Amino acid sequence: MFSSVDYAFMSYALRLAEKGLYSTTPNPRVGCVLTLHDRIIGSGWHEKAGQPHAEINALASASEAARGATAYITLEPCSHYGRTPPCVNALIDAGITKAIIAMEDPNPMVSGRGCALLEQAGVTVQTGLLQAQAQALNTGFMTRMMHKKPWIRLKTAASLDGKTALNNGISQWITGEAARHDGHRWRARSCAIITGIGTVKSDNPQLSVRHVETARQPKKIIVDSHLTIPLDAKLLQGGGEVLIFAAHDEDVEKKEMLDRMGVQVIVIPNGKGAVDLRKMMTVLADMEINEVLIEAGCELNGALIEAELVDEMIFYLAPHLLGDDARGMIKLPELTCLEQKKELKIQDVRMIGQDIRIIAKFPSSRRQS
């Protein structure tokens, strides 16, 4: 169905799409390559929400008229007016005769419409080339469109015996510099970073991207049921958007002070004195947040996993042993049989400096609820 030339051009389009890894949110990462007689005449990628899409950039860069050209696009062209006009109209007006598309738009409101409009205009349309790669690049956008919640990654750094800190709370630094820099790349591609109030009080993190060049910083989100966050916490001082999810709002004065600091407090109790984590993720999806990175302690980690909200785990394991009395990664209820264990599927294992990085996913069925 697809030739080796098709694979080569779509691979290039995917590499272009990846250039928007840190900047396109809440939009998807998309690349486009225009070819005529099997040679590239134009290419582009979507760089930032509100700016031209990949197809428009590719048409603008074309060295000659695109009439009769083939367009290789990593995502179905948009067919509706959003922040920008629909790209499908621009492609039709430019006179392309063929479109090879990696994946259809996951938005059920518009999925298939772009392809249908192209076909109605006489353009030959083929879909599915390197679809898995295109989907992996936009897993957060897909999850938000299809399941109304962000893609949730939980990142944790531990010793080989699974300990994240000494019993006295000291944890800096368990992993090496290379692993920490790699962690900042995951921060940079995320729309938001979530931590718990316990981590704020014990580690006083900044939750900012510092080791990767990026044009934007992810939102900083704190789960703080009783609104006890210190007003001098680093993540409140470093700029950027900060949200706090709480279960109680009796401290009106504290809430007003946070409001004057530009911090948004959202109160969503679960009826048990804690934050409703599932509803929190729905709120974040409504805010057009595609990917969330969890950098928290064992209690919030465990609560999110127990609620079946975590899609993917990133483990950094350092070549150390800290012993039984050190603090663990994830607090879960005691299991009474092995059938109760949490199943994961390992996706990737590699060395990052002297540390091991393991990426594993939970079963996709968890995301259907």
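This is a predicted model: local features need pLDDT of at least 70, side-chain atom pairs count only at pLDDT 80 or more; totals for chains, interfaces and linings use all residues.
Close-up 1. D38 belongs to the loop between β1 and β2 (39-45), and its relative accessibility of 55% makes it count as exposed.

**Close-up 2. The cis peptide bond between T25 and P26.** The peptide bond that joins T25 and P26 is cis, with an omega of about 5°. P26 is placed in the loop between α1 (4-18) and β1 (31-36).

**Close-up 3. The salt bridge between R29 and E291.** The closest N and O atoms of R29 and E291 are 2.7 Å apart, and the two residues form a salt bridge. Because R29 lies in the loop between α1 and β1 while E291 lies in strand β12 (residues 291-294), the pair ties together parts that are 262 residues apart in sequence. R29 counts as buried at 6% relative accessibility, and E291 is buried as well, with a relative accessible area of 1%. Both residues also take part in a network of salt bridges that links R29, R153, R189, E291 and E312. In the whole structure, a search finds 16 salt bridges.

Close-up 4. E295 forms a salt bridge with K155, with the closest N and O atoms 3.7 Å apart. This pair links E295, in the loop between β12 and α12, to K155, in strand β6 (residues 151-159), across 140 residues of the chain, and both E295 and K155 are buried. D182 forms a salt bridge with R357, and here the closest N and O atoms are 3.0 Å apart. D182 is in helix α7 (residues 177-189) and R357 is in strand β16 (residues 355-361), so that distant parts of the chain, 175 residues apart, are linked by this pair. D182 is buried, with a relative accessible area of 6%, and R357 is buried, with a relative accessible area of 7%.

Close-up 5. A disulfide is a covalent bond between the sulfur atoms of two cysteines. The structure holds zero disulfides. The cysteine sulfur closest to that of C78 is in C87, at 3.7 Å, which is too far for a bond, because a disulfide is counted when the two sulfur atoms are within 2.5 Å. C78 is buried, with a relative accessible area of 11%, and C87 is buried too, with a relative accessible area of 0%.

**Close-up 6. A negative patch on the surface.** E250, D251, E253, E256 and D259 form a negative surface patch. One of these residues, E250, is found in the loop between β10 (242-246) and α10 (252-260), where E250 is exposed, with a relative accessible area of 62%.

**Close-up 7. G44 and L293, compared by their C-alpha atoms.** G44 lies in strand β2 and counts as buried at 4% relative accessibility. Although G44 and L293 are 249 residues apart along the chain, the distance that separates their C-alpha atoms is 28 Å.

How values were computed: Residues are numbered from 1 along each chain as its sequence is written. Side-chain values use heavy atoms; hydrogens and water are left out. Patches are made of residues with over 30% relative accessible area and no salt bridge: like charges are joined within 9 Å, nonpolar side chains (Val, Leu, Ile, Met, Phe, Trp, Tyr) within 5 Å. Accessible areas come from the Shrake-Rupley method with a 1.4 Å probe; for residues, only the protein chains shown count as cover. A salt bridge is a side-chain nitrogen of Lys or Arg within 4 Å of a carboxyl oxygen of Asp or Glu. Lys and Arg count as positive and Asp and Glu as negative; His and the chain ends are not counted. The place of a charge is taken as NZ of Lys, CZ of Arg, CG of Asp or CD of Glu. Helices (H or I, at least four residues) and strands (E, at least two) are DSSP runs, numbered from the N terminus. Buried means under 20% relative accessible area, exposed over 50%, partly exposed in between (1.4 Å probe, protein chains only).
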